[in-house]
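This report goes through a structure with two chains in view, one topic at a time. Please keep the sequence and the 3D view open while reading.

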Amino acid sequence: MNDVILQMDGIIKEFNGIRALDGVSVAVERGEVHAICGENGAGKSTLMKVLSGVYPHGSFEGTITLDGAPVAYGSINDSERDGVVIIHQELALSPYLSIAENIFLGNEVQRGGVIDWNRTNLQAAELLERVGLQESAATKVLELGVGKQQLVEIAKALSKKVKILILDEPTAALNDDDSAHLLGLIEQLRDQGITSIIISHKLKEIRAIADTVTVIRDGQTIESFPVEDSDDIETRIIRAMVGRPLDSQFPPREPSIGPEKFRVEDWTVHHPIDVERVVVDRASFTVHAGEIVGFAGLMGAGRTELAMSIFGRSYGSGISGRVYKDGTEIQTRTVGEAIRNGIAYVTEDRKRYGLNLIGSITVNVSAAALGKLARLGIIDRNREYAVADEYRKQMNIKTPSVSSVVGNLSGGNQQKVVLSKWIYSGPDVLILDEPTRGIDVGAKYEIYGIINEMAAQGKAVIVISSELPELIGLSDRIYTIAEGKLTGELDRAHASQEELMRHMTAARIQGAGTP
Amino acid sequence: MTTTTPEQATAPVPPSAGTVRKKRRRVDMRQYGILAALAVIILLFQVLTGGRLLYPGNVSNLIQQNAYVLILAIGMVIVIIAGHIDLSVGSIVATVGAVAALSMNSWGLPWGAAVALSLLVGALIGAWQGFWVAFVGIPAFIVTLAGMLVFRGVALVLLTGGTVSGLPRAFNSIGSGTLPATGSPDLITLGIGALASLALVVQQLKGRADLRRLNLPRERTVSFVLKIAIAVVAIMYLCYLLAYNRGTPIILIILATLVLLYSFLLSRTVFGRHVYAMGGNLYAAMMSGVKTKWVNFFIFVNMGFLAGLAGVVSTARAGSAVASAGGSFELDAIAAVFIGGAAVQGGVGTVVGAVIGGLVMGVLNQGLSILSVDAAWQQVIKGLVLLLAVAFDVYSKRRTGR
């Protein structure tokens, strides 16, 4: 409580009369890593936009004090001038420009409007070294993976003489290696005196690197306390986030497994452009009625490619293999055919593949099953509204009305809309790809409940996830996939994170996976 | 946590008393904004022209002279909602106009067959462009830019001799004729107005009754009644003006039919929903099983068909076909659609909005002509109106938090 660099007091921000922030206060000490936690829709991102001037001074109530002096930012440029730099969840780099050009975009090393390329590249190289990115400064950003792009963003922030670095869910899209590197870097920057504010859902991360955590719920500060490395801290954060103790991360379930429902044999998929490359190699698997089957694999192992190619060949080329439902071979040559044959695929990228973000909840829920609501091509819109409203209640979608635009909902509520859409399509086989990505603890629990309910109704449920505890907690059986091949099959009793990881990294182990 | 099967989900559950009051079906202010703008422009010119804008003869003229924009705007709004653009419609108008005139004058077809052939030619041109857009994957901007050149050229080739005139009177009346009239005032026109008003009231009441029966949110009674009252007054006033001129223009009947048909198509049918879904997020539409290629194809077939109709109407109005017909029609139609509230990125727009946008352009044309403003300045003014309309739209969207 001694050296406060940033103090936000009584911040109130309204959108169309709805309070997103209702008197939030945060105090950040100099040179600490300060975590902000809260469910989706709690107001974390809004708070950071207030701080960084995205919402200009005057559009909210409350005060912001930096280094003891009150500030009034009119735009993001003003806050950056003071060394407050925000790195958004969706990275904002220009793909066709080089790393160096991106780092100094809007802040070019110049004299009289002419860029000094030598100094640009030199300084860029220094910054890259500081963030531990081994790439030439001339490399185009589109050639970099998400993890490396994140480092470029940080280098960009450093070039602006950053004092307070704000990271909005920095590891949401990163694999474990990249996450570890990024977290290490944040600690390193702290040692150099840079204060960080990190928004994250991942409690393990917070526990590992944060010094202090502030929990926000429903637009209000719940509590703020120092973080030490213990299990109690996670429990305390969760309790503050959801407003109740969470006894278990997973809702209880009595599996009732029926006969074989879904079988895939010798499924092979080639890359859509590089048509020689095999992305999925002779995969065979089964799912029984009422069973939840997990698919574990590292990024790029072919999990999503397997699922999307089965779902109407929406990925890949040169696809071969057979798909059976209830013992009869079915065709899934187009998405429409897959849906008609009772397959549903909930995408890992809901904004790109799952939702019409400018459409209402109603039109999104009905999108995959309009035929059920239409006669002779004419939609019964009253029934459609009633269906959407029913799902709003069942799924606990938090919204004033189902006429609301989906793009304005929080991530967890958007995911519930996508789930509603596919459940309404009445599938026998439900494929869920990263169903809880970017979703807070409370909404996760609800979504697990929905998944269990689907299994209880006798559907064959497939869950693809990068989070191994989630797979273990949810699945009856888990397949592992590595380099396009199924490398293992473990039942619930034998699945541990270590065992799964061993199979996920064990490429070229033959003969596993098929019963 | 329970989750219903689809059948359960359809059963409406009576909402608790607390939620009923809050839930009103949202009124689309955007649509009313443009309608208000149209009203303001009409009043403005009514004052500036000393009341001449709404002379019965001028109103009839306004409808007949601007029918082509409205017809094209109806097709164009669908194209634009789906995320495309069509630059070729003006050239299609010229080609189809040439086909219509030649088929009657040189090939000896009766006027009915000529109209049918013209519409078919329009649809075929649309199919040609739709093929390239939908199945080859060339951006519509390029395909229709090519089409703009190609079909202007075709029109020139067909009409090597220059103007083809002396078309049958029955054909010309599509563009400039009226339904038979009983005199002044024309009772048939007034009757049509009364019927249309009655139909509107009945349809609105029935829709509201359905909402009440299913316990779905409804508009406030005051605004509902007010809305219908204004619409009925507008319809009856229009018919009153027409009744004191020569009666109902034939083209008005065609336009009204198109507006009703296409509004229904976009807002109530699976096809319409697919158009909006593709404009909102093409990938999400594909992954929901929408046959996006076929939808794109039919959007362009339809645009070609309507461009063909616009060709017939404008040729009939002019009474002759020239290769330069339809010049900058595509720009008028695109402007109408954007003034009517469609989004450049696609996914947003309505038929009614596009038609109102077209009427704004039409009233501007008519009003400025009555004031004998120079044609060059008319262009400047229309350009600025387009810019301001879209700027206002962008501004109001930003203010309401996107």
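Which residue in S16(A) stands opposite A:Val264? The residue is A:Val323.

## Basis of the model

This is a predicted model, in which local features need pLDDT of at least 70 and side-chain atom pairs count only at pLDDT 80 or more, while totals for chains, interfaces and linings use all residues. Residues are numbered from 1 along each chain as its sequence is written, and chains are lettered from A and ligands numbered from 1 in the order in which they are written.

## A sheet in chain A

In chain A, four strands make an open sheet with antiparallel pairing, ordered S14-S13-S16-S17. Strand S14 (278–288) and strand S17 (328–330) of chain A are its edge strands, each pairing on one side only. From one strand to the next the twist averages 15 degrees.

Strand S13 (residues 260–270) and strand S16 (residues 317–325) of chain A run antiparallel and are joined by six bridges. Strands are DSSP runs of E with at least two residues, helices are runs of H or I with at least four, and both are numbered from the N terminus. Two strands pair if DSSP finds at least two bridges between them.

## Chain B as a whole

Chain B has 17 helices and two strands. Its C-alpha atoms fill a box of roughly 75 × 55 × 40 Å along the principal axes. Of its 402 residues, 43% count as buried, that is, with 20 or more other C-beta atoms, placed from the backbone, within 10 Å of their own.

## Where chain B meets chain A

In chain B, 34 residues are in contact with 43 residues of chain A; contact requires C-beta atoms, placed from the backbone, within 7 Å. H12(B) gives the most to this side of chain B, with six residues.

The residues on this side of chain B comprise 16 nonpolar, 12 polar and six charged. Here Ala, Val, Leu, Ile, Met, Phe, Trp, Tyr, Cys and Pro count as nonpolar, Asp, Glu, Lys and Arg as charged, and the others, Gly among them, as polar.

## Packing of H12(B) on H14(B)

H12(B) packs with helix H14 (residues 292–318) of chain B at an angle of about 110 degrees, and their axes are 10 Å apart. The two helices, H12(B) and H14(B), are therefore roughly perpendicular to each other, a term for angles of 65 to 115 degrees. Axes are lines fitted to C-alpha atoms, for helices over the stretch in contact, and angles run from 0 to 180 degrees between N-to-C directions.

B:His274, B:Val275 and B:Met278 of H12(B) make the contact with B:Thr292, B:Val295 and B:Ile299 of H14(B).

Technical notes. Contact = placed C-beta atoms within 7 Å. Parallel < 35°, antiparallel > 145°, perpendicular 65-115°, else oblique. Buried ≥ 20, exposed ≤ 12 C-beta atoms within 10 Å, placed from the backbone.
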